[in-house]
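Visitor: Could you show me how to read the aromatic rings here? I would like the general idea, then the case at hand.

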Amino acid sequence: MLTALAKARVAAAFLPALLLAGPALAQDAATPAIDTGDTAWMLTSTALVLMMTIPGLALFYAGMVRKKNILATLMQSFFLAGLLTIVWMVAGYSFAFGEGGAYFGDMSRLFLSGIAANFDKPFTLGSGDGAVAFTIPETVFVMFQMTFFIITPALAVGAWADRIKFSALVSFAVLWSLLVYAPVAHWVWHPNGWIFNLGALDFAGGTVVHINAGVAGLVGALVLGKRTGYGSDNMSPYNLAFAVIGAALLWIGWFGFNAGSAGAAGGRAGMAMLVTQIAAGAAVLSWVAIEWITKGKPSVLGAISGAVAGLVAITPAAGFVLPGPALIIGLIAGLAGFWGATTLKHWCGYDDSLDAFGVHGICGIVGALLTGVFAYGALSATPASPEGISGSFAQFLLQLYAVLATMVFTAIGSFILLKIVDVVIGLRVTEEEEREGLDVSLHGERLG
């Protein structure tokens with residue numbers, strides 16, 4: 001059992017953020033009121049994170065495939081945004097943020113049951129001593145978390161570009177989001193979750209989003225096998241302009257992702273935004289530099305990949321680190337992402353089409369571990385725990401434990417679900433359909 005002090009320390013680290021000491025917490029408990037400034041920021045952040053998937057990720061991924069698969073790739077992100085909205089409403093929110101126990105939510109909030117009762121009052125997640133109080137309504141919390149639920153499987157899909165059946169993608173996304181994503185989100189972000197109570201830090205989704213998606217992408221790439229012609233055919237991106245626009249939208253949207261995870265419009269949100277920008281910029285520089293040194297030319301694809309690598313790595317750390325460490329995290333992320341997308345993939349021989357694991361998986365791991373090294377206590381301090389949570393070897397080990405647990409669970413769960421879908425409807429298009437292109441073979445449409 002955690003002591004009261006330990007619970008306070010962990011609560012200070014909670015992703016969507018326990019609201020730190022301020023006027024909102026000093027108000028009369030009998031007359032709770034929504035903070036309109038915090039709510040306005042969270043509404044804005046929610047829209048920014050949704051923009052990361054549509055059109056950000058859709059364009060980023062579509063710009064990196066061949067012409068014959070652009071529409072199919074756009075369709076994947078766009079359709080998942082609609083599909084997973086309904087899945088979240090029906091069961092996802094209840095499974096992830098229902099009271100439940102240490103490993104899973106419950107069914108008490110199916111179809112968002114009970115949300116009408118306190119729609120105009122501040123929201124409290126959990127109950128008892130571990131409850132986390134917000135100054136925003138639950139409707140906004142539901143929407144903000146929905147955008148994370150949407151983008152995570154959409155990220156994993158990048159590893160399987162050019163060869164997965166649309167029906168298989170849809171079936172897997174529903175099963176995976178409910179049976180893999182939701183439990184991990186509950187572990188990490190619900191006050192009852194075992195990783196939450198362990199004290200491992202994940203401000204905005206290093207484990208829940210990026211490691212989760214990256215490992216699922218890698219497992220899917222291994223199960224599906226390589227694209228037809230991989231290693232011999234020209235698989236160069238058809239339209240890098242799309243990818244640059246998508247990366248730019250991701251970069252901007254990431255401020256909602258990270259600074260929005262403060263749960264309020266305050267100093268922690270401001271620091272999260274600042275370090276996000278610094279890490280992204282540093283990773284652009286380090287990725288382009290190593291590419292320039294090793295390949296002789298700095299590429300556009302390298303620059304945008306570097307930005308995403310830095311954004312991924314700073315995600316778990318954003319509410320816990322200062323600008324100096326953010327610079328270090330970004331520089332390391334650029335190098336790690338380059339290694340993951342080139343050397344590692346070559347050594348292991350798998351076909352991670354758009355480097356979902358090489359960038360999101362590898363840099364998510366880097367960011368999660370370095371959070372345990374560089375965490376600055378004052379950023380997570382509360383009256384009950386004035387020292388907050390600082391980087392230490394013990395904290396690094398907690399981060400490592402959380403990373404390994406997430407990787408093992410996601411790998412096993414993803415493999416089982418992929419095999420089930422393969423047996424029932426088949427995962428991969430035929431070789432003829434793949435050569436023709438998914439735009440025509442799956443959707444009956446053609447780009448230009």
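Guide: Gladly. Helices are DSSP runs of H or I with at least four residues, numbered from the N terminus. This is a predicted model, where local features need pLDDT of at least 70, side-chain atom pairs count only at pLDDT 80 or more, and totals for chains, interfaces and linings use all residues. Residues are numbered from 1 along each chain as its sequence is written, and side-chain values use heavy atoms, leaving out hydrogens and water.

Visitor: How many aromatic pairs does a search of the whole structure find?

Guide: In general, a pair of aromatic rings is described by the distance of the centres and the angle of the planes. Rings of Phe, Tyr and Trp (its six-membered ring) pair if their centres lie within 6.5 Å; planes under 30 degrees apart are stacked, over 60 edge-to-face, the rest tilted. The search finds 26 aromatic pairs. One of them, Y93 with F97, is tilted, at 5.9 Å centre to centre and 35 degrees between the planes. Because Y93 and F97 are four residues apart in helix α4 (residues 70-97), about one helical turn separates them.

Visitor: Is Y93 buried or exposed?

Guide: Buried means under 20% relative accessible area, exposed over 50%, and partly exposed in between (1.4 Å probe, protein chains only). Y93 is buried, at 1%, and F97 is buried at 4%.

Visitor: Which kind of pair do F148 and F257 form?

Guide: A stacked one, with 4.4 Å between centres and 20 degrees between planes. The pair links distant parts of the chain, with F148 in helix α5 (residues 138-156) and F257 in helix α9 (residues 240-259), 109 residues apart. F148 is buried at 0% relative accessibility.

Note on methods. Helices (H or I, at least four residues) and strands (E, at least two) are DSSP runs, numbered from the N terminus.
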